[in-house]
Amino acid sequence: MEASNQSAMTGFVLLGLSAHPKLEKTFFVLILLMYLVILLGNGLLIVVTLLDSRLHTPMYFFLGNLSFLDICYTTSSVPLVLDGFLTPRKTISFTGCAVQMFLSFAMGATECVLLGMMAFDRYVAICNPLRYPVVMSKAAYVPMAVSSWAAGGVNSLVQISLAVQLPFCGDNVINHFTCEILAVLKLACADISINVISMGVANVIFLGVPVLSIFVSYIFILTTILKIPSAEGRKKAFSTCSAHLTVVVIFYGTILFMYGKPKSKDPLAADKQDVSDKLTSLFYGVLTPMLNPIIYSLRNKAVKTAVKTLVSQKYFAQ
């Protein structure tokens, strides 16, 4: 690594919302409450899917993975955000920043792939129910989940490896709550075209491909559901995938809102937009993980029944 990079390796300064101290206190309480809901809600879902034998199916196996992923994703950044709210101009080491970027990037990419896997599971269950036990056997769905984690980890390793090799010889202030990779790349005093190209390719693979597979899966699912003669049958079939579809809409809808809106060239408007982008990114990182267990609990009779059963048993009575 270049000598000019050595001084910057001691750490970065996270700017957060330092220009709005009153907002920081409000958001500290709000984000802390949301983080506790994430830990309790997703933790309960993991326990339920492990202990209730009726939920030992591919769908709930993926759901357990999604809940564990959400806990890991938020834990990689939320404690840092909360600490930053209490500490003006929060500092973080170069190594700590790299680790935080790796975990956040890996969890985000893994969730994209995992949601695509879950869509395929619903496609097989509704469109080919007789073949479901064969196609989605344990020998199939466990490697599918493992490959999701592996793909996200490898992608993150590539992106972060390219980022940490850049020389950071100038400003070390990150205009964000966490070590968000785009905010970090802005501080590099070198050409980042390779990083941009690499991330563009990754976006196509981890955003474009899963979205396309989800879209195609649900076209077949809806086509199959509409062919069911009874209204009760159509309602029952759609209810098995409505929770997943709701999570997909929230997850990808927030991403499109974050990165799809045009950037303002007016300095004053750009400053307001920076605050808006940071807040959107912050709530994206906690809102979706918080809503996932709520959505799957409220819209899934099997999960609600399992929770009630476990609550009444000795697991929670002692």
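Axes here are lines fitted to C-alpha atoms, for helices over the stretch in contact, with angles running from 0 to 180 degrees between N-to-C directions; under 35 degrees counts as roughly parallel, over 145 as roughly antiparallel, 65 to 115 as roughly perpendicular and the rest as oblique. On the H2 side the contact (heavy atoms within 4.5 Å) includes Phe62, Leu66 and Tyr73, and on the H4 side Met107, Leu114 and Arg122 are among the residues taking part. By type, the residues of this contact are 12 nonpolar, four polar and four charged. For that count, Ala, Val, Leu, Ile, Met, Phe, Trp, Tyr, Cys and Pro are nonpolar, Asp, Glu, Lys and Arg are charged, and the others, Gly among them, are polar.

Before going on, a word about the source. This is a predicted model, in which local features need pLDDT of at least 70 and side-chain atom pairs count only at pLDDT 80 or more, while totals for chains, interfaces and linings use all residues. Residues are numbered from 1 along each chain as its sequence is written, and side-chain values use heavy atoms, leaving out hydrogens and water.

H2 (residues 58-75) also meets H1 (residues 21-51): their axes come within 9 Å and cross at roughly 150°, so H1 and H2 are roughly antiparallel. This crossing too is left-handed. Among the residues making the contact are Ile38 and Leu45 of H1 and Phe68 and Ile71 of H2. Nine of the contact residues are nonpolar, seven polar and one charged.

Now look at the sheet. Three strands form an open, mixed sheet in the order S2-S1-S3, with S2 (90-92) and S3 (173-174) as the edge strands. Helices (H or I, at least four residues) and strands (E, at least two) are DSSP runs numbered from the N terminus, and strands pair if DSSP finds at least two bridges between them. S1 (residues 12-14) runs parallel to S3, joined by two bridges, and Val13 stands opposite Val173. H4 (residues 94-127) packs on this sheet, touching S1, S2 and S3.

Finally, confidence: pLDDT, the predictor's confidence in each residue from 0 to 100, averages 82 over the chain. It stays under 50 over residues 264-270.

Conventions. A crossing is left-handed if the near helix is turned anticlockwise from the far one by less than a right angle, and right-handed if clockwise.
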